[in-house]
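Open the model in your viewer and keep the selection tool at hand.

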Amino acid sequence: YSQMDIIKCAVFDLGWTLFDEDYRWFKTCNWMSDTLRAFGLFYEPDEIKIKYEACCGRPDPEINSITRQCLIELGLEKSVVDILCGRHPWHTYNFFPYEGSRVLLKTLRDNGIKVGVLSNKGKFTKDILETHRFDELCDFVFLSEEMGVMKPSQEFFDYAIKAAKVDPIEMVYFGDRIDHDGIPSQLAGMQAALVHQGPHRLQEMSATPDYMFRSISEVINAITPVRNGEIRLDKSP
């Protein structure tokens, strides 16, 4: 095998990668509809969902928040958007693992692979990981709110590389966004696996990931053990 074939560490995004955020998305659209009414703007949750999905397909690199981008495109002043995003009760919305997520992490660990999480999420997310017992399957967890840095910043990916203590090329980063996950992980020297789940699957492919999967459960079948602590990940069709 070439070095590019070998994987010793797998790092994961959370939303729409290991965890399904459809319920949070539904709650967000309802919250935005109710909140905008107070500003004299009347949008049904379904209308907001369409706008939100459109923003997921073409995220603004200057904004770094789909919720913020959606509110701006719905016509709110930036000062109002700042207030609303500060009030947005993200921490009250639960989210749930995709079928296959836990099995995948356990399979990786059983093969001696280091497993980590690197996600643009709040501190409260640790409670959700503990509730679903994902914390016990991870060697490290880095959340943007705790670290004070966000994807697609290279500095954020460097935390995972330092924690893994392996050559970056022997690491693979799994995410659902080419702009926040695929491109920056490759720039950091890692391999990139794009999992085409959730609304970001509508994004234009502005780069080519090393691996493509239609779901997180599909990854399990792509794992080929090489020796303890090393696997190969088969290219998906």
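Helices (H or I, at least four residues) and strands (E, at least two) are DSSP runs, numbered from the N terminus. Axes are lines fitted to C-alpha atoms, for helices over the stretch in contact, and angles run from 0 to 180 degrees between N-to-C directions. This is a predicted model: local features need pLDDT of at least 70, side-chain atom pairs count only at pLDDT 80 or more, and totals for chains, interfaces and linings use all residues. Residues are numbered from 1 along each chain as its sequence is written, and side-chain values use heavy atoms, without hydrogens and water.

**Stop 1: two helices**

Select helix H1 (residues 22-37) and helix H2 (residues 45-57). Their axes come within 8 Å and cross at roughly 115°. Now show side chains. On H1, pick Trp25, Cys29, Asn30, Met32, Ser33 and Leu36; they meet Pro45, Ile48, Lys49, Tyr52 and Glu53 in H2 (contact means heavy atoms within 4.5 Å). Colour these residues by class: seven are nonpolar, two polar and two charged. Here Ala, Val, Leu, Ile, Met, Phe, Trp, Tyr, Cys and Pro count as nonpolar, Asp, Glu, Lys and Arg as charged, and the others, Gly among them, as polar.

**Stop 2: the sheet**

Next, show the strands. An open sheet of six has the order E6-E5-E2-E7-E8-E9, with parallel pairing (two strands pair if DSSP finds at least two bridges between them). Which are the edge strands? They are strand E6 (140-143) and strand E9 (211-213), each pairing on one side only. Neighbouring strands are turned by 20° against each other on average, direction ignored.

Zoom in on strand E8 (residues 191-195): three bridges join E8 to E9. Val195 stands opposite Phe213 in E9.

**Stop 3: helices on the sheet**

H8 lies across strand E2 (9-12), strand E5 (114-119), E6 and strand E7 (171-175), running at about 170° to E6.

**Stop 4: the largest pocket**

Select Ser65, Trp90, Asn120, Lys121 and Met150. Of the 30 residues lining the largest pocket, these are the closest to its centre. By class, the lining has eight nonpolar, 13 polar and nine charged residues. Finish on helix H3 (66-73): H3 gives the most to this lining, with three residues.

On a 1 Å grid over the protein atoms alone, a pocket is an open set of points where a 1.4 Å probe fits, with protein on both sides within 12 Å along at least five of seven lines; lining residues have an atom within 4 Å of a point.
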